[in-house]
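Please read the following account with the sequence and the model side by side, and find each residue in the structure as it is mentioned.

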Amino acid sequence: MQKIKRKLLSIAASVAALVLCLCLFASCSGATSTHQHVFAPVEGLEATCTTAGHRSYEKCIYCGAMRANGVEVTEEDVVIPIDENNHVHVENVDEVVATCIGTGMQAYRHCTDCDTYFTWDYDETTQEALVIPIDPDGHMNMVSVAAQGNCYDGGVMAHRKCNDCGTLFTMDGEETTLAELAIAPGGEHDWSGDDPSVCVNGDAWKILLEGQEEIVDFGNQIAIKQHSLGGVSSSASGDSNYKQYFFNTMFTTDIMTFHTQDADEAGVDENGGWTYQRSTGSTFTRFTIADETDPAKTYVGRFMLVFDFTPASNIDVTRLGAKIVDGAGNLGDWGSTQSPLLGTTESTALSLSRNQTYRFVYDMNLTSDSNQFIQFWSQIGSATATISNVHVIYLDGGATSGNPSSQLVWFGAAEDSAFTADRCTHEWAVDGHCPSCGRDLSA
Ligand SMILES: [Zn+2]
Ligand SMILES: [Zn+2]
Ligand SMILES: [Zn+2]
Ligand SMILES: [Zn+2]
Ligand SMILES: [Zn+2]
């Protein structure tokens, strides 16, 4: 009995010891030699420029004991010290060019962890070293300034100006001064430049009609006015004469008045150009020109009509140009005495380039002051364009009866419009006759 009791006690003690031991296992409170470690792998962590890493190792899930390659290790044994060359959070910043008023910055890379700067090729540098100094020639905000004043009254030649630093340039890009750009009031144009067809001061050019040079300048430029009434359409009143009524009334006060056919946006801009924005395919405007001596009367006779057309986008032309029509926009018998409009509908395909200024030169003849209008057509699809630089040069010897007539004398890039007769390419010749240089090409 005693013996049994002792044995039971012994078992009880063993159980107690086992329980204690299990308890120690579970709590892992410092006992390192008495339990069986259970190791779990811990993945390695690379060191960066601001944080230390460690090699991979195993760690006992109970007591935290560490082992690597089967050998017990400490945290100090596995630590990988900070690696000042391992920048893991690097932002790439594109170059900012220097201008005439502001510094720029080379393209660079920047570690957001340790705030180190690098060149694009990863050479360590500083923020200061990356700065590109102000570039005195870096004029990024250039504007063209049209000639102001003229050879007769004096003024300023057309030039270019940097809106940032105020530096002035000739149109050829040479740096200049306001004094050098000044046009002396000499009372006449200066044709002594390289191109005898263009005034040295840039305020006049010569255009050929039948071989005769006509001067196009401020003296024959016509101000464009915008009519304040909105769009007009032939169906607005249900009466086909509505347009005629509209146009007749608007010329009682304004001689050259532009507006769109429909209620599209249009306006006269600060340079005197008529800019219109078409949401659909076409528009027109109709105007008369004032008599040379009496601005209240409509001119009758022969004249040159010169105007510029600048599309704001690349366009394919359906119909573009001017003709003489009646107040309702009809040609009647007048079609055969007028050049076709440019574009696919009346002549040939024509594609025009964005922001290029094209010039039209017409030789026209109004034979009556009533019910004869110059109509400008613009069938260019949905686009924005500007009409500007309208000149009327009155010519002698025009017909004052019979059908009105109109001939396209020249069309092309505005800067090519001035040339001498020996440089004429006869591009607008009709039936062997060139209206520009006047030559008979059939011989
Ligand atoms: Zn352990
Ligand atoms: Zn770094
Ligand atoms: Zn500048
Ligand atoms: Zn001039
Ligand atoms: Zn010619």
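Residues 24 or more positions apart account for 64% of the contacts in the chain with a separation of 6 or more, two residues being in contact if their C-beta atoms, placed from the backbone, lie within 7 Å. This is a predicted model, in which local features need pLDDT of at least 70 and side-chain atom pairs count only at pLDDT 80 or more, while totals for chains, interfaces and linings use all residues. Residues are numbered from 1 along each chain as its sequence is written, and chains are lettered from A and ligands numbered from 1 in the order in which they are written.

The chain has five helices and 34 strands, where helices (H or I, at least four residues) and strands (E, at least two) are DSSP runs numbered from the N terminus. Of its 443 residues, 26% count as buried; a residue is buried if 20 or more other C-beta atoms lie within 10 Å of its own, exposed if 12 or fewer, and partly exposed in between, with the C-beta atoms placed from the backbone.

As for confidence, pLDDT is the predictor's confidence in each residue, from 0 to 100, and its mean over the chain is 85, with 83% of the residues reaching 70 or more. Over residues 236-240 the pLDDT is below 50, and this stretch has four contacts in the model beyond near neighbours in sequence. Residues 1-27 also have a pLDDT that stays under 50, and for them the model has seven contacts beyond four places in sequence.

One open sheet has four strands in the order β13-β16-β17-β18, with antiparallel pairing, and two strands are said to pair if DSSP finds at least two bridges between them. At its edges are β13 (142-145) and β18 (175-176), each of which pairs on one side only. Four bridges link β13 to strand β16 (residues 159-162) in the antiparallel sense, and Ser144 stands opposite Arg160 in β16.

The antiparallel pairing of β20 with strand β21 (residues 212-217) extends over six bridges, and Glu213 in β21 is the bridge partner of Leu208. The hairpin of β20 and β21 has two residues between the strands, and within this hairpin Glu210 takes a positive phi near 55°.

A second open sheet is formed by three strands in the order β26-β32-β29, again with antiparallel pairing. Its edge strands are β26 and β29, each pairing on one side only, and the twist averages 15° from one strand to the next, where axes are lines fitted to C-alpha atoms, for helices over the stretch in contact, and angles run from 0 to 180 degrees between N-to-C directions. Seven of the seven residues of β29 (residues 319-325) are buried, so this edge strand is largely enclosed by the rest of the structure. β29 runs antiparallel to strand β32 (residues 373-379), to which seven bridges join it, and Ala322 has Phe376 in β32 as its bridge partner.

Lys297 is found in the loop between β26 (282-287) and β27 (301-311), and with 13 other C-beta atoms within 10 Å it is partly exposed. Leaving aside its neighbours within four places in sequence, Lys297 is in contact with Ala290, Asp291 and Asp369; Asp369 is 72 residues away in sequence, yet the two are 7.9 Å apart in space, C-alpha to C-alpha. Arg423 lies in the segment after β34 (405-413) and counts as exposed, with 12 C-beta neighbours inside 10 Å. From Arg423 to Cys437 the separation is 14 residues in sequence and 8.9 Å in space, C-alpha to C-alpha.
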